[in-house]
Amino acid sequence: FLCPLVIIESQGGLHIDLAGAALLLAATALLLARRPLLSALGLALSFCVKYVPLALLLFFFHGDEARPRWYSALVDGSPWKAWLLFAAAVVALFLPYAAAGGLLFQQLFLYGEYWKFNSVLAPLFSLATGGHPLPLRILFLAAVSAWLLAIPRISLVSRIQWALLALLLSGGAVFPWYLLWLAPFVALEPRRSQVLLLGTAL
């Protein structure tokens, strides 16, 4: 909590990313405590702050680590209950804004396509797709998620860390306060490269 980035961008900049990151951290802690339904609710609340957890959904709902994921999901059913609760909570939280219709997501797609600041991979994606990098970015994030799920004996915190880094690296706009999502997970499992990133982001 003494990280300068967290202090400046939350207390000074008043960015709501801190609330989303806190809810994501709570969802992670609940999942590790084997409370998947409460974790799904926390994840839905975090998602409704910003859409960042969309890149992490598979890590929360992929089933029992001890058995094949799809077998666990089909036999036990518990991952599906978590999926349903997550979806129901998101729909309930979006309902007050339903009158906006398609405008509710219009800015999201404009942001994904056209905003550019501190980007790393986005210019390459844009070059490869003729100026429309969003589909390639989604494919990249899906590939990273699948790769992280395939790695044995890796913690949930580590998966979240690397997926968030992939999200930042592929983003068209990367502002310092976006790293607030990563900060609590770096505190849990520090890595020199990520600590350096947080320390030099300002």
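Buried means under 20% relative accessible area, exposed means over 50%, and partly exposed lies in between, using a 1.4 Å probe and protein chains only. By that scale Glu-189 is partly exposed, with a relative accessible area of 24%. This is a predicted model, in which local features need pLDDT of at least 70 and side-chain atom pairs count only at pLDDT 80 or more, while totals for chains, interfaces and linings use all residues. Residues are numbered from 1 along each chain as its sequence is written, and side-chain values use heavy atoms, with hydrogens and water left out.

**Nonpolar core**

- A nonpolar core is a set of buried Ala, Val, Leu, Ile, Met, Phe, Trp, Tyr and Cys residues joined through side-chain atoms within 4.5 Å.
- The largest such core has 47 residues, and Phe-59, Phe-60 and Phe-86 have the most contacts inside it.
- Two or more residues come from each of the elements α1 (4-12), α2, α3, α4, α6, α9, α10 and α11 (183-188).
- Helices here are DSSP runs (H or I, at least four residues), as strands are (E, at least two), numbered from the N terminus.
- Helix α10 gives the most to this core, with nine residues.
- In soluble globular proteins, nonpolar side chains tend to be buried together.
- Contact means heavy atoms within 4.5 Å; not counting residues up to four places away in sequence, Phe-60 touches Leu-24, Ala-27, Thr-28, Leu-31, Ser-39, Leu-43 and Ile-160.

**Helix α10**

- Of the 15 residues of α10, 13 are buried, so this helix is largely enclosed by the rest of the structure.
- The expected span of a helix is 1.5 Å times one less than its number of residues.
- For α10 (residues 156-170) that gives 21 Å, which agrees with its end C-alpha atoms being 21 Å apart.

**Aromatic pairs**

- Rings of Phe, Tyr and Trp (its six-membered ring) pair if their centres lie within 6.5 Å; planes under 30 degrees apart count as stacked, over 60 as edge-to-face and the rest as tilted.
- The structure holds two aromatic pairs.
- In one, the ring centres of Phe-47 and Tyr-51 are 5.1 Å apart and the planes stand at 45 degrees, so the pair is tilted.
- Phe-47 also pairs with Phe-86, edge-to-face, at 5.9 Å centre to centre with 65 degrees between the planes.
- Because Phe-47 lies in helix α3 (residues 36-49) and Phe-86 in helix α6 (residues 78-94), this pair ties together parts that are 39 residues apart in sequence.
- Ring pairs link Phe-47, Tyr-51 and Phe-86 into a cluster.

**Salt bridges**

- A salt bridge is a side-chain nitrogen of Lys or Arg within 4 Å of a carboxyl oxygen of Asp or Glu, and a search of the whole structure finds two.
- Lys-50 and Asp-17 form one, with 3.0 Å from N to O.
- This pair links distant parts of the chain, 33 residues apart: Lys-50 is in the loop between α3 and α4 (57-60), and Asp-17 is in helix α2.
- Asp-17 is buried, at 1% relative accessibility, whereas Lys-50 is partly exposed, at 26%.
- Arg-191 and Glu-189 form a salt bridge with 3.8 Å from N to O.
- Arg-191 is partly exposed, with a relative accessibility of 25%.

**Ser-145**

- Ser-145 is found in helix α9 (residues 134-150) and is buried, at 6% relative accessibility.
- Leaving aside neighbours within four places in sequence, Ser-145 is in contact with Ala-55, Leu-58 and Phe-59.

**Loop residues with positive phi**

- Arg-34 is found in the loop between α2 (17-32) and α3.
- The phi angle of Arg-34 is near 60 degrees, a positive value in a residue other than glycine.
- Arg-34 is exposed, with a relative accessible area of 74%.
- Arg-153 is in the loop between α9 and α10, and its phi is near 55 degrees, again a positive value in a residue other than glycine.
- Arg-153 is exposed, at 83% relative accessibility.
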